[in-house]
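These are my notebook entries on a structure that was new to me. I set down what I looked up, one topic at a time.

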Amino acid sequence: MLWALKSSIFATFTSLMRKFIPIFFAALLLAGLPACLFTDSEVYYVEPVPDDPPERSVITNLDTLNNPQVNDSLEVIYQVEVSGGEFYFVYADVASSTIFESDSIYGSFWITPDMADSLGVDTLYMEFYYSTNSNSMADMIGYEALLDSLKIAIDFNQQGAK
Amino acid sequence: MITLSMLLVSAQQAMGQGGGITFAAGLESSQMDDMKYLQEHILSTYPAEGEITSSFPPYTSFSINLFKVLYDHIHVGAGYSYSTTGGKSSYADYSGHIITDITASSHRLGAYISYLVMGGDRLNLALNGRLDAILTNVSVESFYSIYNYSDGIENEYRSISPAGSVGAELMYNFKSFSMGTDAGYLVDLQGNLKDSGNGNPLVDPNDTDRVLRSDWTGWYVHLKALIWLNF
């Protein structure tokens, strides 16, 4: 009796399976189709051929002074000469603080006693950024730079330091 | 393949009954002239000289159809087809990369009629014609990375167009199923692409009066399996 019932259920199930398996797998196939999108893993890689880096020089009014002193204030005048490339920016830092920035090849700024951390000799850092002429993508959009640094010892010997 | 194998095993009906189901997979070409044009335009905006590494080549296509034997030599049916293609342009060097992927996919619903030109015990040759409505999805994705900075943008577009195709199929009959190949040519009447989100048309960047279109016109070649069903 039980065996007959099981056989009947199995037969019915098999019959249904026959009918619905094509539909089930067709649905499965359709559901998976959107995953079959076009793909291309190739990337066009280039080794840029660099041009010569720009010729550059910087002069300041402090070049000939030894530990220039900041009394009330000290003016710093700079001039950049660059050929075969582009000048981007100059930053001037004293005591880890940026005191001046410019994209001009000529300019000036003032150093005052309150810019120093303490009395005594501190360092004025000037960073000059130029194009690399590397012909990389970063170079072409100005996101890559050559850096020239200038360090000048400054004597903050007056009251007014931080 | 597993799916097809199971379907074949599961089908125990004999040939010559009321209808059947067909599965086909293969390659399909497309014109996509406007998409190629857009791809070249995007490439021209790269800061460095990139290259197109693929431009809408023949690519994967699938279809599934239900048919009914109307007369001895004529089958009528309806079905769904899917095909995809795309294009890629890129530039990369030590400082970063910029990549644009355009991916197009088509979903086609349509009706077809086939006429048995030559029929034997084993080989059948039939001609067929088909009318479809095509829903096209196009994804345009550009992203770049330069040193530690990266960004990107993705846009989705959609179009609907009517299409017609003619082809031929050559099938080899086994006991309970048939296998073979079909090939043909599809003509897409092209649909204007619109942004999937806001519905704005995708216009020609150099002529804003012209809307860019999808175009699946091209040939197709499929391997095909047919299973007879009793309905």
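Predicted model: local features only at pLDDT ≥ 70, side-chain atom pairs only at ≥ 80, totals over all residues.

**Entry 1: the surroundings of strand 12, chain B**

I next looked up the pairing of this strand. Strand 11 (residues 203–204) of chain B is joined to strand 12 of chain B by 2 bridges, and the two run antiparallel. I found B:V211 in strand 12 to be the bridge partner of B:V203.

**Entry 2: B:I153**

I located B:I153 in strand 7 (residues 149–173) of chain B. Is B:I153 buried or exposed? I counted B:I153 as exposed, because 10 C-beta neighbours lie inside 10 Å and the cut-off for an exposed residue is 12 or fewer. I also looked up the separation of B:I153 from B:T100: the two are 53 residues apart along the chain, and their C-alpha atoms are separated by 9.6 Å.

**Entry 3: a sheet in chain A**

I then turned to an open sheet of 3 strands in chain A, whose order is 1-2-5 and whose pairing is antiparallel. Which strands form the edges? I noted strand 1 (55–60) and strand 5 (106–111) of chain A, each of which pairs on one side only. On average, neighbouring strands of this sheet are turned by 20° against each other, direction ignored.

Within the sheet I followed strand 2 (residues 74–83) of chain A, which pairs with strand 5 of chain A in the antiparallel sense over 6 bridges. Opposite A:Y78 I found A:G107, in strand 5 of chain A. I recall that strands of a sheet pair through backbone hydrogen bonds, either parallel or antiparallel.

**Entry 4: the largest nonpolar core**

I looked up the largest nonpolar core and found 17 residues in it. A:I111, A:L124 and A:M126 have the most contacts inside this core. Two or more residues each come from strand 2, strand 3 (87–94), strand 6 (120–131) and strand 7 (145–156) of chain A. Which strand gives the most to the core? I recorded strand 6 of chain A, with 4 residues.

Lastly, I listed what A:I111 touches, not counting residues up to four places away in sequence. Among these residues are A:V70, A:L74, A:V94, A:L124 and A:I154.

Conventions. Residues numbered from 1 in each chain as written. Chains lettered and ligands numbered in written order. Pairing = 2+ DSSP bridges. Axes fitted to C-alpha atoms, helices over the stretch in contact; angles between N-to-C directions. Core = buried A, V, L, I, M, F, W, Y, C linked by C-beta atoms within 7 Å. Buried ≥ 20, exposed ≤ 12 C-beta atoms within 10 Å, placed from the backbone. Contact = placed C-beta atoms within 7 Å.
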